[in-house]
Amino acid sequence: MTTIPKRVPIPRNGVDYRGKIVLAPMVRSGELPSRLLALKYGADLVWGPETVDKSMIGTIKKINPITSTINFTRYPSNASRTQPVEQKESLIYRIHPTRERRKLIFQIGTSSPTFAVEAAKLVAADVAGIDVNAGCPKPFSTSGGMGAALLQTPDLLASILTALVKEVGAVYEIGISVKIRLLETPERTEALVRKLCDTGITGLTIHCRTTPMRPRERAIREQLRMIADICRETGVACLMNGDVKNKDEALELIQEYGVDGAMIASAAEANFSCFRTQAEGGLLPWREVVHEYVKTALEVNNKWGNTKYLLGQLVPGKAEVYRKVTSSKGYTEMCEILELQDLLDQAREVDERLGLGVNYKGAVKKAKTKNKSAQAAGGSMGKAMAHGNESKKPLSERGVTATTAKDMGGSYDVECQDPLMEQGISASSVLAV
Ligand SMILES: Cc1cc2nc3c(=O)[nH]c(=O)nc-3n(C[C@H](O)[C@H](O)[C@H](O)COP(=O)(O)O)c2cc1C
């Protein structure tokens, strides 16, 4: 007699993670243009950057007719209620409803079932799933009981997932999932995975590193098969994450460890075409990827600070143009440096719309004095990137302290997100509204 494998049913508006190679959640590196590019090159699904529940609560949903995007915006929580018009509106989250349709998973940072539900409800109708971040190891996340701190409070994590399953998943007919790290022993990981798989979630991602491990330390694969087995037994789709270089390698690892799919972060951040198999042409030269990235960033009027940050990841540090690109002041200048002639007209238009270009220096100065929080969240990338090749190294190797890292606009050596996000000033807020 054959046994039918158990499967937690995938809700009508949700997606099954099985057989999928996906873009990982990445603060700053996982904003809208990055996600669209990953999808173009073959990512099956994309995770948005972690967004803290409290920064999402209180946002207003707006459609931007120029970019056809859904924007969730808010005024800073310390804004005067009587004069909101004078306050700078922050963009907390952005979705392309057609290009990301049924492909986008919203990742939430939370330590409260109530806040998680309240925040998730705001985006639930526009995404294919809600994922809870239970892996961020940084104090600004863990001190609030979020991220990897949830691995130490499994009852709380399970109660967040249960609440999301019942009050968001069931109502909006989407799946709820969780992203965790390994615990210190296989026994502890096993107990945690069993508990989480019992909450009604449809998917679980395992980042194959423990909480204290740094991103450059090799991922540990020993517990993977055990985790995959528990997920299969309980009907939950299992994605593996950690040191997956490209789609071909992902497909091999899926076979080797019996997982259902794989998630890629760093390799995608360096070159989004890692989602192409060799048979599809494999990794594209950086110039081609950069051209496509800039085209996409222009299409969605991406905030210049975020685009420049990404260019700092995509243009090799050794390339002659690296320093020039990372100290350019706007789209037009950058397109000229990179000789992207076909994008110049559009670049001028977007510069004008975003207030960049000729008056850029003045505009930046004004913005800096007006909004110190935005500056800390990414406004001073020009200065940071002017370090050229230096900025390619992990912050720790550059002798950068936590404070200066934040001032620089960060890197995910400063894993996950900035505490400013809790106040509604997210990495996304440096995007154009
Ligand atoms: C720039 C950057 C930002 C990240 N932001 C998040 C995040 O918002 N949420 C999260 O769960 N993990 C985040 N991560 C961790 C990745 O999703 C992933 O778990 C980790 O980088 C390991 O995968 P990799 O070896 O493919 O890089 C981030 C990683 C990077 C490099």
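I began at the hairpin of strand 4 and strand 5, where 4 residues lie between the strands and Ser68 takes a positive phi near 55°. I was working on a predicted model, in which local features need pLDDT of at least 70, side-chain atom pairs count only at pLDDT 80 or more, and totals for chains, interfaces and linings use all residues. Residues are numbered from 1 along each chain as its sequence is written.

**Whole chain**

I noted the inventory: the protein chain has 18 helices and 12 strands. Both are DSSP runs numbered from the N terminus, helices being H or I of at least four residues and strands E of at least two. I looked up burial next, and 50% of the 433 residues count as buried. A residue is buried if 20 or more other C-beta atoms lie within 10 Å of its own, exposed if 12 or fewer, and partly exposed in between, with C-beta atoms placed from the backbone. I also checked contacts, meaning residue pairs whose C-beta atoms, placed from the backbone, lie within 7 Å. Of the contacts with a separation of 6 or more, 70% join residues 24 or more positions apart.

**Sheet 4-5-6**

I went back to the hairpin strands and followed their sheet. It is open, has 3 strands in the order 4-5-6, and its pairing is antiparallel. Strand 4 (60-64) and strand 6 (90-95) are the edges, each pairing on one side only. From one strand to the next the twist averages 30°. Pairing here needs at least two bridges found by DSSP between two strands. Strands of a sheet pair through backbone hydrogen bonds, either parallel or antiparallel.

I took the two pairings in turn. Strand 4 and strand 5 share 5 bridges, and Asn64 stands opposite Thr69 in strand 5. Strand 5 (residues 69-74) is joined to strand 6 by 5 bridges as well. There, Asn71 stands opposite Arg94, and Arg74 stands opposite Ser90.

**Helix 3 against helix 5**

I looked at helix 3 (residues 113-123) and helix 5 (residues 154-172), which pack at about 40° with their axes 9 Å apart. Axes are lines fitted to C-alpha atoms, for helices over the stretch in contact, and angles run from 0 to 180 degrees between N-to-C directions. Helix 3 supplies Pro113, Ala116, Val117, Ala120 and Lys121 to the contact, and helix 5 supplies Ser159, Ile160, Ala163, Leu164, Glu167 and Val168.

**Ile201**

I picked Ile201, in the loop between helix 6 (186-197) and strand 10 (203-210). Is Ile201 buried or exposed? It counts as buried because 28 C-beta neighbours lie inside 10 Å. Beyond four places in sequence, Ile201 touches Leu161, Val165, Ile176, Ser177, Val178, Leu196 and Val236. I also found its C-alpha atom 6.7 Å from that of Gly175, 26 residues apart along the chain.

**Helix 8**

I ended at helix 8 (residues 247-257), whose buried residues are Lys247, Ala250, Leu253 and Ile254. They sit on the same side of helix 8 because they cover an arc of only 115° around the axis. The arc is that of the directions from the helix axis to the C-beta atoms. The cover over these buried residues includes strand 1 (21-23), strand 11 (237-241) and strand 12 (261-264). On the face turned away, I found the exposed residues Glu252, Gln255 and Glu256. Gly258 follows helix 8, with a positive phi near 70°.

How values were computed. Two residues are in contact if their C-beta atoms, placed from the backbone, lie within 7 Å.
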